[in-house]
Amino acid sequence: MYGSELQELEQLMMLVPNFLPRRSGVIVVQRIRNEEVPSGFERDYEHITAYCSSNGSRSFTNQIAGGYINYEEIVCSCFEKCESHHLNVRLGDLIRSHDGELFLSPKHRSRFQTVCRIQSEAIENRSSAYLATLFLLTADDNLWCAAKDHIYLDSFDFKNVHLNGINTDGYAIYQMSKTIQLAKEYIKLNEISDKHLIGEQAFKGIINSILIAKYGAAMLQVNC
């Protein structure tokens, strides 16, 4: 293989197993390393926190606010790097069932809007992470009862939220709210993808909260 692209690989194969060469270190074949080791970007997108970062371009966000981009395009843009088959299947189902409503129920919308009104702060001035967390904590009846006294103008007191009587879906929503607000992974991508673990309504709430975390208040104006 001398003089060919495989020369270094052949040299590596002729080494004594489990021993370093006598001269200067280990031979690294760049092409093989690139194929076998995922890049930092790809590794990041194995984690749900990577999708929650508020890094949507200003032009794209403005198009969302103006109603020029529909729900399917927004979801596809957010999760374009997703390689999870199970999550992509669920996202497809979510897009097909989308009825124009971001909130899970009229009660959910009312709770969210009531908190915003009491706080007397325009949603355009709130951080994306705050809006997404509030969206989740107001989504489930039992979770709301546990969390409502621990929601403040610029923070959430998770330590004093006692989840008595909460079901699996409510717990998943709560863990997602902590993931967004604290930027630490309390729920994993494969858990969100599992339809046997997380119901359709909870899945909708989690995905929509990710969209809010990424694109901010503009998502709350989406009606298509």
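## How to read the model

Because this is a predicted model, local features need pLDDT of at least 70 and side-chain atom pairs count only at pLDDT 80 or more, while totals for chains, interfaces and linings use all residues. Residues are numbered from 1 along each chain as its sequence is written, and side-chain values use heavy atoms, with hydrogens and water left out.

## The chain as a whole

The protein chain has 13 helices and zero strands. Helices (H or I, at least four residues) and strands (E, at least two) are DSSP runs, numbered from the N terminus. Read from the N terminus on, the elements run α-α-α-α-α-α-α-α-α-α-α-α-α.

Of the 224 residues in the protein chain, 41% count as buried. Here buried means under 20% relative accessible area, exposed means over 50%, and partly exposed is in between (1.4 Å probe, protein chains only). The protein chain exposes about 13,200 Å², and carbon and sulfur atoms supply 50% of that area. Accessible areas come from the Shrake-Rupley method with a 1.4 Å probe; for residues, only the protein chains shown count as cover. Among contacts in the protein chain with a separation of 6 or more, 66% come from residues 24 or more positions apart. Contact means heavy atoms within 4.5 Å.

## Helix 6 meets helix 7

Helix 6 covers residues 71–78 and helix 7 covers residues 85–97. The two pack at an angle of about 165°, with their axes 10 Å apart. Axes are lines fitted to C-alpha atoms, for helices over the stretch in contact, and angles run from 0 to 180 degrees between N-to-C directions. Helix 6 and helix 7 are therefore roughly antiparallel to each other. For such labels, angles under 35 degrees count as roughly parallel, over 145 as roughly antiparallel, 65 to 115 as roughly perpendicular and the rest as oblique.

The crossing of helix 6 and helix 7 is right-handed. A crossing is right-handed if the near helix is turned clockwise from the far one by less than a right angle, and left-handed if anticlockwise. On the helix 6 side, Tyr 71, Glu 72, Val 75 and Cys 76 meet Leu 91, Leu 94 and Ile 95 of helix 7. By class, the residues of this contact are six nonpolar, no polar and one charged. In this scheme Ala, Val, Leu, Ile, Met, Phe, Trp, Tyr, Cys and Pro count as nonpolar, Asp, Glu, Lys and Arg as charged, and the others, Gly among them, as polar.

## Two partners of helix 13

Helix 13 packs with helix 7 at an angle of about 95°, with the axes 11 Å apart. Helix 7 and helix 13 are therefore roughly perpendicular to each other. In this contact Leu 87, Arg 90, Leu 91 and Leu 94 of helix 7 meet Glu 200, Phe 203, Lys 204 and Ile 207 of helix 13. The classes here are five nonpolar, no polar and three charged residues.

Helix 9 and helix 13 pack at an angle of about 165°, with axes 7 Å apart. That makes helix 9 roughly antiparallel to helix 13, and the crossing is right-handed. From helix 9, Ser 128, Leu 131, Ala 132, Phe 135 and Leu 136 take part; from helix 13, they meet Gly 205, Ile 206, Asn 208, Ser 209, Ile 212, Ala 213 and Tyr 215. This contact has eight nonpolar, four polar and no charged residues.

## Two buried residues

Lys 214 sits in helix 13 and is buried, with a relative accessible area of 9%. Lys 214 and Asn 55 are 159 residues apart in sequence, and their C-alpha atoms are 6.1 Å apart in space.

Gly 216 lies in the segment after helix 13 (200–215). At 5% relative accessibility, Gly 216 counts as buried. Leaving aside neighbours within four places in sequence, Gly 216 is in contact with Ser 128, Leu 131 and Leu 211. Gly 216 and Asn 125 are 91 residues apart in sequence and 9.8 Å apart in space, C-alpha to C-alpha.

## Two loop residues with positive phi

Ser 120 is in the loop between helix 8 (106–119) and helix 9 (128–137). Its phi is near 55°, a positive value in a residue other than glycine. Ser 120 is exposed, with a relative accessible area of 64%.

Ala 183 lies in the loop between helix 11 (168–182) and helix 12 (189–193). Phi of Ala 183 is near 55°, again a positive value in a residue other than glycine. Ala 183 is exposed, with a relative accessible area of 64%.
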